[in-house]
Each structure stands twice: as structure tokens, then as C-alpha cells.
Amino acid sequence: MPPLVDPVPGGNPGDLARAHALAHELSAQGVRGIVLAFVDTAGICRVKTVPWQGLQPAVAWGVGMSPVFDTFLANDSIVRTDVLGSPDGDLRLVPDLDRLVVLAGQPGWAWAPVDRVTQEGERHPGCSRTFLRRVVADAEDRHGITFKAGIEIEWTLGRAAAPADEFAPATSGPAYSAARQTELSDYTADLLAAFEKQEVAVAQLHPEYAPGQFELSTDALDPVAAADQSVLVRQTIRAVSQKYGLRASFAPAVAERGVGNGGHLHLSLWRRGVNLHAGGDARYGMTAAAESFIAGLLAHLPALTAVTAPSPASYLRLRPAQWAGVYTAWGRETRETGIRVVTGTTGHQSHEANLEVKPVDLAANPYLALGCVIAAGLDGLASAAPLPEEVTDDPGRLVPDEAVARGVRRLPTSLAHAVDEFREDEVLRTALGPVLADAVVAVREGETAAVAGLDEAGVAAAYRWKY
Ligand SMILES: NC(=O)CC[C@H](N)C(=O)O
């Protein structure tokens, strides 16, 4: 074995010894390289790779990458803020060994999410993974609350051989149909096998509503692990799809009309091992804390869409009657309200009960989305915000006066409107810190400008294969 590299000043020699042993183990298993992954502000997963011998140096010193990715757009052009977007400077990508996984769908490769730190070893204020970790740690310190989270993954399959500017769904069977399940039987079995090898606990995998669309859900994890896992799941789906001559799109809308791809976010609050969504005195067995958390979410939902629905294409999906939840309302098991309260099956509530945030798609950076959702909910919890009455059926059917009286608002209908809401939201901006908040605004404005003049079909096409 090659000798250990010199530890960085203040570095953890235990991590280095572990990386050294792990690298050799990976090599013996046939791993030749390691994908180091992070998600930028625009929601694109960017990577660098190192050979297996590079794992230990990466843990010691990180791997260089420009901070300019904080203000990259989905089309790879770059915008600027006061502090970001300059071609100068460097950051270090530091892999998280606890989350390193051998990729079952890409023989020869392992994968790890990274934190981005400065060359001086300081936290980088633009690192979304560090942001989420901080929000979660604050929730525990200040409120004694921990979370379990899950991100649903929806994707649409086209044929890899088709021209990139066309979309032809790879299946012909109806929504949720046995026909579609059978059409892609080998593919979906291979996906499940890959997830089993990667120790991703799949809860469900099924053909979804739109032509060529599938959905996969996983068991809940702590928020940072859930965000990491959503990135890993997409990496795996992309790789396995390719083997079958298929091309996976996680874009919010692959076409200008029809049901889009969501990335619904499930979250539950826990205190001392007790689920706060079950066994309480409030509605549907929720505790007062869970109700106030949801009230906070509803209050911030219009501004949150700038983070959870960050692409111009997100607003092709965020339409009524598409189960995307485009109203500031909640209800038990409702599919059209922004927040769905999931009570779980009788006898299993303390395990299952949670809340679902629907206006979230997979153009969202999952670390930013989870961190901002948690910050919004905690704002409601801290002020014991009262939760309005639930809305059953379709909130779109409320007459305007009743909607106003009940506080039911339609979410922004364009990214520009979402950014207007976000700019005014001190809670979200403060949680993110000025560097990330300014990056969100600049990148969203850049995306809006990038599609100026395009019709809806053009917007769908522009982002179809980006996510
Ligand atoms: N089953 C579902 O909940 C469908 C969700 C829908 N595809 C969305 O965009 O959010």
C-alpha cells in the first residue's frame, strides 16, 4: 500500500487512515474511479472524478473546483453577484466517506457527495450541503427537533436514439398500467437490483401518469442523507436507462402540456424519538408543533417556490389539476393542496405520519430545498403560528372571496414572480445567508432571461435533458 499522505493541519488522521483502507478495498472490488458530486444553485449535478488512488488525497486536501459554479445556469452560462461568478479563486471538494457508494449501474465507479470548503479549510458560504447541515443542527439545538425526510423521484423515459430536440415517450401503456410495467420489466428489475446493491431502501417503484413516466420512492432518512440519496438515485437511473437505450429526464416538464415530473418532499418532525405528526391533540393526531410547522410552510410557500421550483420549466408543471399542489392550503391526503398531511395507516401512524410538500421538482437543489422548507416550517413553529382550516377537494374550486378569507393563494405562475416573493422573504434569505440568497436571485433571473422570447414548447425543450 502507498504510504499515508501528510495530514492537513487540523485534519483528522482517523479519516485519512480510513480513506486509505477504503481506497484499497474499492480497488480490490474493481473500482477504478470515484465520482465527486455536488449540486449547483441551478439544480444541475456537477462532478469531478479521481482515480481510486486519489481518494485519500481528496479527503486530506480536497479536489480543486472553481466557485464559479455557484452562479452557473442550466445552459452553462455564468451570471454574477457581488461576490460570486468571478473567474478567480478556488474551492476544494471534500468527499463524505460515510456516503461513499460503489455504483452498481456504472461498473468501475464509486460515488460520493462532497462538501465544498475554501482553500483555507473554512466552510464555503455557497455550499448548499453545508447549509442544510447547519439548518438541521440549528433545529436540534434551538428546538430539540430532528427530521426524517424523503424525496420522491419522478422521471420520463425517451429513446436515447431519438433526436435530442424531440420527445417520444419510451412506453405506450397507460398510466399506472400493468402494460407499462411489463414493457420495461427488465429495466425496472435492473434498477431494483442496483438499488439493493447500493443499499438504497426502495419503498415503491411504479409507472406514473404521463406517457413514459415512472416514480420511485425511498425510505425516510435524516435530511442531508435524503438529499444525498436523491442525487445518487438519479445518477443510477440515468446509468441504467442508458444501458437499455433509454434516456431519463427529471425535468419538471418534458413537453409544454401534460403532467410533469415532481420531486415531492416528505418530512416528519421528531422529538426524543417521538413522531410529532401522530398521537397529538391537534387535527388528525398532529401535535401543536407539527401544525405550527405546516402553518409556517404555508406562509412561506410562494417565496419557497423560487427554491423548490427553480426552473422556467417548473411553471409548465405548476398548474392546477396536475397533482402538483399549486395553492397555499393543506388537507389530509389531498392531491391539489400545496401541503398534504399524510396520517398513515391505523396502527402505523407513529411510524408513517408525515407532511408532503408538493410544489417541489427535481430541478431544485435538494439541499437548498430541504433547508429552506425546514427554515420556513421552523419559523411557524417558533411563533406557534395557527394552522388555518384544512381545504378538502380542489382549492381551485373555491370562489375568490372564500379563497381570500381562508388564506388560499395560487402559487406564483412564473419564475419571475417566484423571485419577487423570495426577495421579500426575510426568513428564507436569512436562513440561506447573503451569499446563497443572492446566488438564488441571480441564477433565477439568469434562467428567466435565458428563455425570454421562447414559447412554452421552447421552454420545455430548453430544459428537457438538463436535469
Ligand atoms: N402521483 C403523483 O403525486 C403525481 C405527481 C405529479 N407528477 C407532480 O408533478 O407533482
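Buried means under 20% relative accessible area, exposed over 50%, and partly exposed in between, with a 1.4 Å probe and protein chains only. With that settled, I opened the structure.

**Ground rules.** I noted that this is a predicted model, where local features need pLDDT of at least 70, side-chain atom pairs count only at pLDDT 80 or more, and totals for chains, interfaces and linings use all residues. Residues are numbered from 1 along each chain as its sequence is written, and side-chain values use heavy atoms, with hydrogens and water left out.

**Positive phi.** I looked up Glu333 and found a positive phi of about 55 degrees, although Glu333 is not a glycine. Glu333 sits in the loop between β14 (330-332) and β15 (339-342); strands here are DSSP runs of E, at least two residues, and helices are runs of H or I, at least four, numbered from the N terminus. Its relative accessible area is 30%, so I wrote Glu333 down as partly exposed.

Then I checked Ala384, another non-glycine with positive phi, near 50 degrees. Ala384 is in the loop between α10 (366-382) and α11 (400-405). Ala384 counts as exposed, at 54% relative accessibility.

**α5 against α6.** Two packed helices are described by the angle between their axes and the distance between the axes. For α5 (residues 185-197) and α6 (residues 223-243) I read an angle of about 140 degrees, with axes 10 Å apart. Axes are lines fitted to C-alpha atoms, for helices over the stretch in contact, and angles run from 0 to 180 degrees between N-to-C directions. α5 and α6 are therefore oblique to each other (under 35 degrees is roughly parallel, over 145 roughly antiparallel, 65 to 115 roughly perpendicular, the rest oblique).

Who makes the contact (heavy atoms within 4.5 Å)? From α5 I listed Tyr187, Asp190, Leu191, Ala194 and Phe195, and from α6 Val233, Thr236, Ile237, Val240 and Ser241. I sorted the residues of this contact into seven nonpolar, two polar and one charged. Ala, Val, Leu, Ile, Met, Phe, Trp, Tyr, Cys and Pro count as nonpolar, Asp, Glu, Lys and Arg as charged, and the others, Gly among them, as polar.

**α7 against α12.** Next I took α7 (residues 288-308) and α12 (residues 415-423), which pack at about 115 degrees with axes 7 Å apart. On the α7 side I found Pro302, Ala303, Thr305, Ala306 and Val307, meeting Ala418, Val419, Glu421 and Phe422 in α12. By class, I got seven nonpolar, one polar and one charged for α7 with α12.

Definitions and conventions: Contact means heavy atoms within 4.5 Å.
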